[in-house]
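The following paragraphs lead through the architecture of one protein model. Please keep the sequence and the structure in view while reading.

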Amino acid sequence: MLIFISGSSRSGKSSFAESRLTAFAKDSPKIYIATSRINNSDPEMLRRIQNHRLMRRDKNFTTIEKSEDLHEILKQIPENSAILLESLSSLAANEMFRENRVLSPEIVFAKIWRDIANLRDKAKILIIVSDDIFSDGIAYDELTMKYIKLLGRLHVKIASESDENCEIFSGIIINYERTIKFK
């Protein structure tokens with residue numbers, strides 16, 4: 001089963017995703033894949049990461065911190081696991097904007113989709129959380145727009161393959177029923 005959850009920053013996506021995964025994963029190992037790069041010079045980011053860790057503390061998650069190249073962790077994940085990938089938006093940025101180079105959105109799209117397909121094959125349930133960054137109306141530079149379009153393509157692909165799609169808006173959960181499957 002694949003569930004896709006998107007929404008704005010601090011909308012309640014993580015809490016909802018964790019509760020959804022816990023409801024489905026009664027007898028499955030629970031894996032939390034954290035994709036944010038930890039920036040020790042950003043106190044706000046460190047606080048948010050600490051809050052996420054505290055939220056998971058008593059939920060029996062095994063946390064794997066992996067900001068890119070998810071295929072490298074596949075052997076660590078038991079078959080029929082319940083996997084929460086947090087977050088697609090961080091993963092896409094990390095994959096596209098490497099330390100010394102910028103990868104093309106086409107290469108990044110194919111790589112991320114392949115990694116998600118491999119995770120899905122190992123999982124009893126895979127929940128993917130991502131940020132809605134598409135509605136601020138700001139015109140960005142060309143490279144940022146390439147990233148935004150990449151993330152949008154990933155959202156469309158994942159949503160079209162998902163069994164359940166949810167959007168969180170100010171703590172309100174909106175479930176979307178998929179009636180048309182896009183290719």
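Where is the place of serine 87? Serine 87 sits in the loop between E4 and H3; helices (H or I, at least four residues) and strands (E, at least two) are DSSP runs, numbered from the N terminus. The model is a predicted one, in which local features need pLDDT of at least 70 and side-chain atom pairs count only at pLDDT 80 or more, while totals for chains, interfaces and linings use all residues. Residues are numbered from 1 along each chain as its sequence is written, and side-chain values use heavy atoms, with hydrogens and water left out.

The peptide bond leading from glutamate 86 to serine 87 is cis, with omega near 5 degrees. Most residues other than glycine have a negative phi, and most peptide bonds are trans. Aspartate 69, in the loop between E3 and E4, has a positive phi of about 55 degrees although it is not a glycine. Because its relative accessibility is 14%, aspartate 69 counts as buried (buried means under 20% relative accessible area, exposed over 50%, partly exposed in between, with a 1.4 Å probe and protein chains only). Serine 170, in the loop between strand E6 (164–169) and E7, likewise is not a glycine and has a positive phi, of about 50 degrees. Serine 170 is exposed, with a relative accessible area of 58%.

Seven strands form an open sheet with mixed pairing, in the order E3-E2-E4-E5-E1-E6-E7; two strands pair if DSSP finds at least two bridges between them. Strand E3 (61–65) and strand E7 (172–176) are the edge strands, each pairing on one side only. Within the sheet, strand E2 (residues 30–34) and strand E4 (residues 81–86) pair in the parallel sense over five bridges, and lysine 30 has alanine 82 in E4 as its bridge partner.

Serine 6 belongs to strand E1 and counts as buried because its relative accessibility is 13%. Leaving aside neighbours within four places in sequence, serine 6 is in contact (heavy atoms within 4.5 Å) with Lys13, Ser130, His155, Cys166, Glu167 and Ile168.

Turning to the helices, helix H4 (residues 105–122) and helix H5 (residues 142–161) pack at an angle of about 30 degrees, with their axes 10 Å apart. Axes are lines fitted to C-alpha atoms, for helices over the stretch in contact, and angles run from 0 to 180 degrees between N-to-C directions. H4 is therefore roughly parallel to H5 (angles under 35 degrees count as roughly parallel, over 145 as roughly antiparallel, 65 to 115 as roughly perpendicular and the rest as oblique).
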